[in-house]
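Here's a quick tour of how this chain is put together. Have a look at the model first, then read on.

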Amino acid sequence: MTTIDKVLYTGKTHTTGGRDGFSRSDDAQLDVKLSPPGSPHAGTNPEQLFAAGWSACFIGAMGIAAGKRKIKLPTETAVDAEVDLGTTEGAYFLQARLNISLPGIDPDLARALVEEAHQTCPYSKATRGNINVELILA
């Protein structure tokens, strides 16, 4: 396990009611109603929030990889993240697919950027070896 030497930021939320509740950040920038996946009730769910956070972080990691090569990511760069909640033998698990679009980037270079980002993105590091993850270059 890696120990952090210097904390750069701490995200803080207060959640009540679980999947049928509310979550709010300490700075009030995030204030969401929660509902279970597939529910007819208004609200998002933890899987969607995880997908949003991971995809944003992954784009940032690709930007760092591109910067090392003295190139910029296309403005149309996108990651469509899919996070599945499922069960195996009655236990809950996640799995994920990151569908990555780097329009106008040579496919070999795009693959290199994706692979480097997957090594440096904190979300990728946190999930490595814990859940099934597919990286799909569109």
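Predicted model: local features only at pLDDT ≥ 70, side-chain atom pairs only at ≥ 80, totals over all residues.

Four residues from domain 1 and five residues from domain 2 make up the contact. The domain assignment puts domain 1 at 1–44 and domain 2 at 46–137.

How much area is buried between domain 1 and domain 2? About 460 Å², with carbon and sulfur atoms giving 61% of it. On the polar side, two residue pairs are in polar contact between the domains (both at pLDDT 80 or more), and the salt bridge count between domain 1 and domain 2 is one.

## Around the start of α1

R19 pairs with E47 in a salt bridge, the closest N and O atoms being 2.6 Å apart. At the start of α1, a side-chain oxygen of N45 also comes to within 3.1 Å of the backbone nitrogen of E47.

## Along helix α1

Helix α1 covers residues 46–68, and its end C-alpha atoms are 33 Å apart; that agrees with expectation, because 23 residues at 1.5 Å a residue should span 33 Å. Its buried residues include E47, W54, F58 and M62. The buried residues of α1 pack against β4, β5, α2, α3 and β6. Just after the helix, K70 takes a positive phi of about 60 degrees.

## Out at L8

L8 lies in the segment before β1 (13–16). Its relative accessibility is 77%, so L8 counts as exposed. From L8 to W54 is 46 residues in sequence, and 17 Å in space, C-alpha to C-alpha.

Key: Residues numbered from 1 in each chain as written. Heavy atoms only, no water. Helix = DSSP H or I, 4+ residues; strand = E, 2+ residues; numbered from the N terminus. Buried < 20%, exposed > 50% of the residue type's maximum accessible area, 1.4 Å probe, protein only. Expected span 1.5 Å × (residues − 1). Contact = heavy atoms within 4.5 Å. Polar contact = N/O pair within 3.5 Å; in protein donor to acceptor, adjacent residues only side chain to side chain. Domains from an automatic or database assignment. Buried area = accessible area lost by both parts, 1.4 Å probe. Salt bridge = Lys/Arg side-chain N within 4 Å of Asp/Glu carboxyl O.
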